[in-house]
Amino acid sequence: MSLTLRPGKPEDATVCGAICYEAFKAIAVQHNFPPSYASPEVAVERMVERLTRPGIYAVVAELDGRVVGSNFLDERSPIAGLGPITVDPTVQNRSIGRHLMQDVLDRVATQHRLGVRLVHAAYHTRALSLYAKMGFAVRDVVAKMTGTPLALKPHGHTVRPATLADLDACNQVCRHVHGHDRGGELRDAIEQGHATLVEQTGRLSGYATVIGVSGHAVGETTAAVQALIEAASAFERDGFLVPLRNKELLSWCLARGFRVAVPQTLMSQGFYQEPVGAFLPSVLY
């Protein structure tokens, strides 16, 4: 077995997308959960996005010259985001995933980043064991919530599109909640027209890059995050993630018809501050 790692390239999207789809589907089906991607084509689209977006590092694993896996590191903010990491199901359990993980963690160390985070399916116990062995700590249990968007005008709050003029104020809220900002991701979301913010009595109290599993949100209060969810007319990838330790937010979601679909685990290594306020995490797959 000759395993080599190399930088990912846009032309890897098709094969990496097919592997990503099959890998996530295989583990989900084993545990009677729906696949993370609706089709191989959706997974390929995600790979195209990650292999072409500035600020995202990609590494591809080849076994005897054949692509068998990949991993990604979102470097747009002080805390890097890891994933998706996937290995061809036909060659799993050969330490390929460990090599892909070590590659991006070495890069994090070389760049002297504050830390790195990931979210993974809680039922994937082998992945949980690998991440724990490699220094990651569980920070929260989260759940993907699904349901019909409310698309309402929140009482006592104003939700509007975020602009670049709001970037600094939004970053200040994120620093208050997490101890660091996610300004790179937020800037991209603003430029793409996805980001929203919430104000109360004219004062900014939270924002969302998008309400969806790939977007994050922060608020000085749970009510601020509730307003962002309430105002959303659509959910990116049919849902959003809620930290289960936030009983108030979880109860509010359930009372409005949202349902828990998939349990997930938020893990990180390096800098971590217990959230001050409320937040919605994001997955990297």
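This is a predicted model: local features need pLDDT of at least 70, side-chain atom pairs count only at pLDDT 80 or more; totals for chains, interfaces and linings use all residues.

**A sheet and a helix pair**

Residues are numbered from 1 along each chain as its sequence is written, and side-chain values use heavy atoms, with hydrogens and water left out.

Strand S10, residues 203-208, and strand S11, residues 217-219, pair in the antiparallel sense over three bridges. Pairing here requires that DSSP finds at least two bridges between two strands. Helices (H or I, at least four residues) and strands (E, at least two) are DSSP runs, numbered from the N terminus.

The open sheet has five strands in the order S8-S9-S10-S11-S14, with antiparallel pairing. Strands S8 (158-161) and S14 (278-280) stand at the edges with a single partner strand each, so one side of each is left without a neighbour in the sheet.

Helix H5, residues 167-178, packs on the sheet and touches S9 (196-200), S10, S11 and S14. Contact means heavy atoms within 4.5 Å. The direction of H5 makes about 80° with that of S10.

Now the helix pair. The axes of H7 (residues 222-231) and H8 (residues 247-255) come within 10 Å and cross at roughly 30°. Axes are lines fitted to C-alpha atoms, for helices over the stretch in contact, and angles run from 0 to 180 degrees between N-to-C directions. The contact involves residues including Val225 and Ile229 of H7 and Leu249 and Trp252 of H8.
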